[in-house]
Structures are given as C-alpha cells and as structure tokens.
Amino acid sequence: MADLALTSVDMFENFNDVVGLPGIDIHVTQRGYLFVTDDAAQLPALKKAVAQYQAIGIPGAEYIRTDDLHKRFPFLAPQALGATFNMRDGWLSTHEATYGFAKGAGDAAFFMKTHVTDIQTDSQGVIAVKTDKGTISTRLVVNCAGPFAGVTGKMAGLDMPLRTVRRQKAYIKTDHPDLPASAPFTVDLVNHGYWRPEAGGLLCAWVDPDEPESPSADELPTDWDFAAESIYRVSRLNPFLEKVADNLKAEDVNVSAGQYVYTPDDKPVIGPSGEIEGFHLNCGYWCGVMMSPAAGKRVAEIANGKMDNTDNPLRYSRFREGDFEKGDTFLK
Ligand SMILES: Cc1cc2nc3c(=O)[nH]c(=O)nc-3n(C[C@H](O)[C@H](O)[C@H](O)COP(=O)(O)OP(=O)(O)OC[C@H]3O[C@@H](n4cnc5c(N)ncnc54)[C@H](O)[C@@H]3O)c2cc1C
C-alpha cells in the first residue's frame, strides 16, 4: 500500500511530466494529514505508527506532542495531546486529474455516457463487452467499475468478495474569519470526525463504524442530520467550527454521498482475475484517489506482461491462497 501511495504522490507532484502535457493544473495541495487525539492511551500507537511510516520510506512523518502541536496548529482545542503528521500528504482536484490522464492517453478512445450491460466469454475467456451503444470485441477487459465492480464482475461470471458501504461528506460554505484556511486535513482519532479547508469554505465528515453495507445503487440517499453530526464531532478538537456553525444557513450546507468498497483485507485487488482469461481487476478501493496513478500503471504492466503477477501482493488469488492479512487503521 505504501509502495502504491508513494509512487502515486510522486506522479501527482510531477503530473505534467507523467501525462506529457504542459499546463494542466490538478491543484495538488500539500498541507499534510494531521491525525490528532486527546486520549493519552492512544499516544503509544501514534508514536509506533510514525516509526513504521519512517521505516517504510516516509521520512517526513512526524509524531508531534503538546506544546509543539499547539504552536504549529493553534486552531486545535487545548486538550489535544498528540498527533501524527506528514506535510507531503494532501489533496487534489480529481476532475482535473481524471481528464488530465485521459488527455495524455494518446490514441485511447473514450466512450462517454456508455453503459456496460454484459461481458461475454467463450472457451478462451473474455471475447466482448456489450454496452447500451453497441458491442466492443476484445480479449482484454479491466473491471474498474468502483462500487459497481461486483455487479460488473458478475457479468463475466466472477463472484468477488466486495462490500460497498455508503460514505457521506458535508460541504460548508463560509467566509468566517476564524476558519484556519491553511489548516491540514485534520482527523479526530477519538470520535472519527474530520475536516479540511476547501475553496469557499470547508469539508467535514465522520466515519460511522456502524454504517451498514449498502447495495451498489445508482442513487444514494443522504442523511438530513449528517452535516450537524459532523460539525458536532469535528468541533470537539476544532472549536472554531462551533462559531462557524452559529451563523450557518441551510443553503450554506451541502451533503453528498458515495461508496467505499471493502475487500476481506481492506486492500484493493489489482491484476488478472485468474478464473476468466483476459478479465483483469482494479477495484476494491476506499482510498482509491490516493493510489490511482500507481495502481493504473500496475494494472497495465501486468496486462502487458511487464510485471509478473506472482510478484504482486494485491493479486486476486491472495484470497484463495489465504495469503492476506487485515492490518490496523486509525479510522475504522
Ligand atoms: C465521501 C467520500 C470521500 C472520499 N474521500 C477520499 C479521499 O480523501 N481520498 C481517497 O483516496 N479516496 C477517497 N474516497 C474514495 C474514492 O472516491 C474511491 O476510492 C475512488 O473513487 C475509487 O476509484 P475507482 O476508479 O475504483 O471507482 P470510481 O471513481 O467510482 O469510478 C468507477 C467508474 O466506473 C463507472 N461504471 C460503473 N459501472 C459501470 C457500467 N456498468 N458501465 C459503464 N461504466 C460504469 C462509474 O460511472 C465510474 O465512473 C472517498 C469516497 C467517498 C464516498
């Protein structure tokens, strides 16, 4: 995972060179991810995590304690005790990145607003993709249908162990003077609320560990109280948000929802399905943006024979082989 993430950060930082086109701005904003706690019992885990990050090649990872923490991030509530931080972490515009990759993809053809309705196979494997606009003959298909990867897999006869779970986020429009506009992406490790500045305001959300599995639906409902719950949780360690909330009007709040996709070890699946010749996979993401360029490259390298799939720890067959392990994460 670190290998994919680090390679992806490099690629995002050098986006114009990677896609071979000048002048595309994907708005890479490297203000860091700050995982913060006021629970002393969590501090050893934070310290251990930073040592592990440094050991796997993330030299900028820091473990920050009380005085230093408040000096560097004065917007935090006084009870904040410690945090992990890495300045190179950040966010970007996924729209520009997606279109940038497409524009840089040379002769590749893109069929917009075209729905895959079936994947046809014969005795040698995949033979065609059926769409609502016609059929494409091919011996190679990559299933990268996001939350719909399970549905698309079934079209080819593959029953994958994927779970889809709704995740919501709230955009709050505000020009409140107390908003720390250059703050990092800040996560409360006690109540799982998080926020970051966004053009014209901020984004905030919380990860509900009890959110049930949901179908890969075309339309996902949002909870009317999600923004209020997120503001309440985030305000605990980021008290400026209470002041922002005091002056909010309904039209300043927008809640949207998408889906995370989970595999049995919470890591994505990359490479050939093994069971159906020519049917490759690049799916099972909850962290899909931050891994996307390196994962896409890996899929291509395996499909083109430049990388041996047995060297690929994210191969699909790991579930059959029992060669997988669910690691620990701060956000459950
Ligand atoms: C609220 C929220 C916040 C998130 N925040 C982050 C974050 O901060 N960082 C991060 O890394 N990730 C984040 N994610 C996760 C990230 O959005 C996903 O992991 C990522 O989009 C997965 O990329 P993907 O290409 O696999 O799937 P998608 O981006 O979902 O793309 C799949 C594509 O397949 C198309 N498709 C599906 N079925 C068909 C069909 N039958 N025919 C034709 N096309 C089809 C879809 O239209 C879609 O365009 C967040 C997700 C949510 C919901």
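Strands S13 and S14 run antiparallel and are joined by four bridges; helices (H or I, at least four residues) and strands (E, at least two) are DSSP runs, numbered from the N terminus. The model is a predicted one, in which local features need pLDDT of at least 70 and side-chain atom pairs count only at pLDDT 80 or more, whereas totals for chains, interfaces and linings use all residues. Residues are numbered from 1 along each chain as its sequence is written.

The bridge partner of Pro-272 is His-280 in S14. S13 and S14 belong to an open sheet of three strands, ordered S7-S14-S13, with mixed pairing; two strands pair if DSSP finds at least two bridges between them. S7 and S13 are the edge strands, each pairing on one side only. On average, neighbouring strands of this sheet are turned by 20 degrees against each other, direction ignored. Helix H9 packs on the sheet, touching S7, S13 and S14, and its direction makes about 20 degrees with that of S13. Axes are lines fitted to C-alpha atoms, for helices over the stretch in contact, and angles run from 0 to 180 degrees between N-to-C directions. Contact requires that the C-beta atoms of two residues, placed from the backbone, lie within 7 Å.

Buried residues of H9 include Pro-293, Ala-294, Ala-295 and Arg-298 (20 or more other C-beta atoms within 10 Å of the residue's own, with C-beta atoms placed from the backbone). Their cover includes helices H1 (2-13) and H2 (15-19). Just after H9, Gly-305 takes a positive phi of about 80 degrees.

A further open sheet has three strands in the order S4-S5-S6, with antiparallel pairing. Strands S4 (116-122) and S6 (134-137) stand at the edges with a single partner strand each, so one side of each is left without a neighbour in the sheet. Six bridges join S4 to S5 (residues 125-131), and Asp-122 has Gly-125 of S5 as its bridge partner. Helix H6 (residues 149-156) packs on this sheet, touching S4 and S5, with its direction at about 35 degrees to that of S4.

Terms used
A residue is buried if 20 or more other C-beta atoms lie within 10 Å of its own, exposed if 12 or fewer, and partly exposed in between; C-beta atoms are placed from the backbone.
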